[in-house]
Amino acid sequence: MGWRPVTKLRIANESPFYGPGCQQLLSLIRDTGSVRHASEQMGLSYSKAWRMIRELEAQAGFPVIVRRQGGRAGGAARLTEAGERLLRRYGAYAEACARAIEAIFLEHFPEEASR
């Protein structure tokens, strides 16, 4: 295997607030319908997941999830329309960046990439 670029794309406002970790968290919340299940699958504490969500919403300026409190039927969470849009747009952005970064890397390190 040859050399390859490794990057971590993040979006910032006052500070970085969205990147691969938030992307994974939102994706798992969408898939599981639960912040608790999503955080467990990521190996995060439930409180850490909520801190990430609160920071994301504060920096982004819009809510990304809607939740129903637990109880007899249990709690639930789903992405807002804005949360779904952010998930899609960041995914497309990350893919476009990966293609561009790969092309730039190959331009500067062609021999090392082919090892």
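**Exercise 1. How do α1 and α3 cross, and which residues meet there?**

Solution. Start with the axes: in this predicted model, those of α1 and α3 come within 11 Å and cross at roughly 105°. Angles from 65 to 115 degrees count as roughly perpendicular, so α1 and α3 are roughly perpendicular to each other.

Next, look at who meets whom. From α1 come Gly21, Cys22, Leu25, Leu26 and Ile29, and from α3 come Ala49, Met52, Ile53 and Leu56. Sort them by class and you get eight nonpolar residues, one polar and no charged ones. Gly counts as polar in this sorting.

**Exercise 2. Find which residues of α2 are buried, and work out where on the helix they sit.**

Solution. Step one: go through helix α2, residues 35–42, and pick out the buried ones, which are Val35, Ala38 and Ser39. Step two: look down the axis of α2. Its buried residues fall within an arc of 95°, so they line one face of the helix.

Step four: ask what lies over the buried residues. The cover includes α1 (20–32), α3 (46–60), β3 (65–68) and β4 (76–79).

**Exercise 3. What do you find at the N-terminal end of α2, and what follows the helix?**

Solution. Take the N-terminal end to begin with. Ser34 caps it, with a side-chain oxygen 3.2 Å from the backbone nitrogen of Arg36. Now go to the other end: α2 is followed by Gly43, and the phi of Gly43 is positive, near 75°.

**Exercise 4. Is Thr80 buried or exposed, and what does Thr80 touch?**

Solution. Locate Thr80 in the loop between β4 and α4. The cut-off for buried is under 20% relative accessible area; Thr80 has 11% relative accessibility, so Thr80 counts as buried.

Then list its partners. Leaving out residues up to four places away in sequence, Thr80 touches Pro63, Val64, Ile65 and Val66.

**Exercise 5. How many residues apart in sequence are Ile104 and Pro5, and what is their distance in space?**

Solution. Ile104 belongs to helix α4, residues 81–108. Along the sequence, Ile104 and Pro5 are 99 residues apart, yet C-alpha to C-alpha they are 9.4 Å apart in space.

Technical notes:
Residues are numbered from 1 along each chain as its sequence is written. This is a predicted model: local features need pLDDT of at least 70, side-chain atom pairs count only at pLDDT 80 or more; totals for chains, interfaces and linings use all residues. Side-chain values use heavy atoms; hydrogens and water are left out. Buried means under 20% relative accessible area, exposed over 50%, partly exposed in between (1.4 Å probe, protein chains only). Helices (H or I, at least four residues) and strands (E, at least two) are DSSP runs, numbered from the N terminus. The arc is that of the directions from the helix axis to the C-beta atoms. Contact means heavy atoms within 4.5 Å. A polar contact is a pair of N or O atoms within 3.5 Å; within protein, one must be able to donate a hydrogen and the other to accept it, and residues adjacent in sequence count only if both atoms are side-chain atoms. Axes are lines fitted to C-alpha atoms, for helices over the stretch in contact, and angles run from 0 to 180 degrees between N-to-C directions. Angles under 35 degrees count as roughly parallel, over 145 as roughly antiparallel, 65 to 115 as roughly perpendicular and the rest as oblique.
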